[in-house]
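Please open the structure in a viewer and keep the selection tool at hand.

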Amino acid sequence: MRIACVGGGPGGLTLAALAAGRAHDVTLFEQRASGTYGLGVVLWPDHLSDLALLDPLLVHRLLQHAVAWRDQHISTPGSPAVVLEGRGHGIARATMLSLLEQRAVELGARVERGTAIEHPDVLGSFDAVILADGAASALRSMRAHDFGSRTREEGNRYAWLELDRPSDRFAFPFITAGDGWAWAHAYPFRAGATTFIVETTESAWIAEGFDHMPTDDAVRRLEALFADHLRGGSLRPARGTAPDALWSRFRLVENRRWSSGRTALLGDAAHTTHFSIGSGTRLAMEDAATLVELLDHAPSAEEALRTYDTRRRDELRGIQRSARLSARFLGRLPRYIDRPAEDFAHLLERRRSRLLPLIPTGIYLGLTRPRSGR
Ligand SMILES: Cc1cc2nc3c(=O)[nH]c(=O)nc-3n(C[C@H](O)[C@H](O)[C@H](O)COP(=O)(O)OP(=O)(O)OC[C@H]3O[C@@H](n4cnc5c(N)ncnc54)[C@H](O)[C@@H]3O)c2cc1C
């Protein structure tokens, strides 16, 4: 089958590698001549195990370049950190993408870098066209009616930063800022460097003056606020951050349909997942694996894309709900954070619970932490 894929992120490149590995004729178009946005992402052990069943060599290479972390350290002002179990790997997004691209090319895919596709119609000669062009997909917007697309920005502001210090854990430091709260999601992604995503409540963001502060000043202010957690290190914005765009809000992307004729949406172009559960990359790569499996066996490309649409949408329902609950918990942080440190850590760990937002927090703690004396 002749497959065109637009976008060389984790979704598009995984599709190119897996489809080329099954002898499909794949051409991937990536608008950037080189480089990418962002810093490190978390890769979870169960995701890597699943991927290893499809391409053990790829997983071997990813692990050679990833940094393992163990345990989550949750700290709140005036209390020692609470340590929860957990483990994962951090990897630089740029490294992950170049390993994926290398794999796609050695399996026979053509990767045309520096080629921005201006309109889906230019790919009319392909049997299947996969739009893996990210959350801001312009090609999806041109066909928003066909896909039933809805996008909006919502939730807390965040800044994607790099800390020039190594780490062996996932840290969640919570601090007071202005008249609200700020916290970081911090994990290693390469030797000597840590991804440090800062999120703030709206009141902290306004009170600190981040709404009008130049980026350099804002980064220095964040260093001062998080000084106790930086071990003498410095912060700098993630690569690809425009000078006046340190702060973002989560971009929610939903589509009623992920396929239309011979075209399908994949990864963030189809569905975004709040970064607080660290799964967007994984889901994009799993979309690709499902789609390749179906392209291999369905009688036609259109049928494969239709089945992909219903199957993946179904599979993702649970994790999308978890991500919404996690984002909602962080959006309502002041409601939970005044609890004793152990209780707050317990709530944070259970932030994907459907019950938690529905009942008073004390009752929830009593039900789920019976030995805490409530
Ligand atoms: C702060 C933050 C932290 C995150 N942390 C994690 C994490 O820890 N773990 C995790 O799993 N996920 C994480 N994510 C989510 C993850 O980054 C995305 O879900 C993932 O990158 C989606 O992959 P994708 O391939 O669908 O799209 P993208 O990675 O966005 O790639 C899209 C590609 O398409 C290209 N493109 C766009 N338009 C065109 C065009 N017209 N022609 C050609 N090329 C085009 C772009 O240049 C880009 O390279 C995080 C996201 C954020 C914002």
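Helices (H or I, at least four residues) and strands (E, at least two) are DSSP runs, numbered from the N terminus. The model is a predicted one.

**The ligand and its shell**

Select the ligand first, together with the 34 residues around it; G7, G9, G134, G267 and G280 come nearest. By class, this shell comprises 15 nonpolar, 14 polar and five charged residues. Now colour α1, β2 (25-30), β3 (40-43), α5 (138-142) and α9, each of which supplies at least two residues of the shell. Which element gives the most to the shell? It is α9, with four residues.

**Helices α1 and α9**

Next, select residues 10-21 for α1 and residues 280-297 for α9. Their axes lie 8 Å apart, at an angle of about 30°. Angles under 35 degrees count as roughly parallel, and α1 and α9 are therefore roughly parallel to each other. The crossing of α1 with α9 is right-handed. To display the contact, show P10, G11, T14, L15, L18 and A19 in α1; their partners in α9 include A284, A288, L291 and L295.

**Helices α3 and α4**

Finally, move to α3 (residues 56-65) and α4 (residues 93-106), which pack at about 155° with axes 10 Å apart. That angle makes α3 roughly antiparallel to α4. Here too, the crossing is right-handed. Show L58, R61, L62 and H65 in α3, which meet T95, M96, L99 and R103 in α4. Four nonpolar, two polar and two charged residues form this contact.

Definitions and conventions: Residues numbered from 1 in each chain as written. Predicted model: local features only at pLDDT ≥ 70, side-chain atom pairs only at ≥ 80, totals over all residues. Axes fitted to C-alpha atoms, helices over the stretch in contact; angles between N-to-C directions. Parallel < 35°, antiparallel > 145°, perpendicular 65-115°, else oblique. Left-handed = near helix turned anticlockwise from the far one by under 90°. Contact = placed C-beta atoms within 7 Å. Near = placed C-beta within 6 Å. Nonpolar A, V, L, I, M, F, W, Y, C, P; charged D, E, K, R; others polar.
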